[in-house]
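Work through the exercises below with the sequence and the structure at hand. A solution follows each task.

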Amino acid sequence: MLPVLDTSVTDGPDTSSLVDATPLVRARGLTRRRGPRTLWDDLTFDVAPGTSVAVTGPSGSGKTSLLSCLGLLERVEAGTLELAGVDVTRISHATRRSLFRGTVGHLFQNYALVEGWTVAANVDVAFIGTRTTHGARVERREAALERVGLGGYDRRRAHSLSGGEQQRVALARLIVRSPRVVIADEPSAALDPDNVGVVLGVLDDLRLAGSALVVATHDDRVVAWCSDTLDLRPVGG
């Protein structure tokens, strides 16, 4: 069961003035299998700076697996994948780790917070591997938390927050990192309209700053917001 690629443009925002000629994500002939099953084969697409691509398709079509490969959490079986001009299918573990920390930012469906840590500690994970002074870390963290409506939450424990608040902590961490490539897995799942607005607002800030966004979603609002659509569908499904 192989996927079909739909690269039709949606009615999302006009990003023509932001698009650079060099894609930040460049995929050519990607193949990924899970056991005897092929999730997708010969998958080819680009994601330019300042654009957002919605990855759609039914459950089991390989959306999360594709995001994991783009986000350097899994490897493809065949094809080439370039992130910010680096072929990640042919790099050392050290280079891969450096790209993971410095180029790619994740917005996980489960938020990926350490529940026993404070909000401040969870956001400060974004500074690992950087030479940022304590004062600069505090300033950037507080600005990010204010942006997502969580000013003053620094000392709250993650487990004491609602799902929407935890998602906003994850967004603040993403703001602090300002990654060139953003990978978001179902960012609007189970959120109320206000929180969806916050999520899309932050993602739009990153897009306007020149990041390339790849977003797996079942949400028509998110699909309409994105610049393009990558539809993974079983052939004949």
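**Exercise 1.** At what angle do helix 5 and helix 6 pack, and how far apart are their axes?

Solution. The model is a predicted one. Locate helix 5 at residues 163-177 and helix 6 at residues 193-208. The angle between them is about 5 degrees, and the axes lie 10 Å apart. Angles under 35 degrees count as roughly parallel, so helix 5 is roughly parallel to helix 6.

Next, list the residues in contact. Helix 5 contributes G164, Q167, R168, L171, L174 and I175, while helix 6 contributes N195, V198, V199, V202, L203 and L206. Sorted by type, the residues of this contact are eight nonpolar, three polar and one charged.

**Exercise 2.** Give the order of the strands in the open sheet, and find the strands that stand at its edges.

Solution. The sheet has five strands in the order 6-7-8-3-9, with parallel pairing. From one strand to the next, the twist averages 20 degrees.

**Exercise 3.** How many bridges join strand 7 to strand 8, and which residue is the bridge partner of I183?

Solution. Strand 7 covers residues 181-185 and strand 8 covers residues 212-216. The two run parallel and are joined by five bridges. I183 has V214 of strand 8 as its bridge partner.

**Exercise 4.** Which strands does helix 5 lie across?

Solution. Helix 5 lies across strand 6 and strand 7. Its direction is at about 170 degrees to strand 6.

Conventions
Residues numbered from 1 in each chain as written. Predicted model: local features only at pLDDT ≥ 70, side-chain atom pairs only at ≥ 80, totals over all residues. Heavy atoms only, no water. Axes fitted to C-alpha atoms, helices over the stretch in contact; angles between N-to-C directions. Helix = DSSP H or I, 4+ residues; strand = E, 2+ residues; numbered from the N terminus. Parallel < 35°, antiparallel > 145°, perpendicular 65-115°, else oblique. Contact = heavy atoms within 4.5 Å. Nonpolar A, V, L, I, M, F, W, Y, C, P; charged D, E, K, R; others polar. Pairing = 2+ DSSP bridges.
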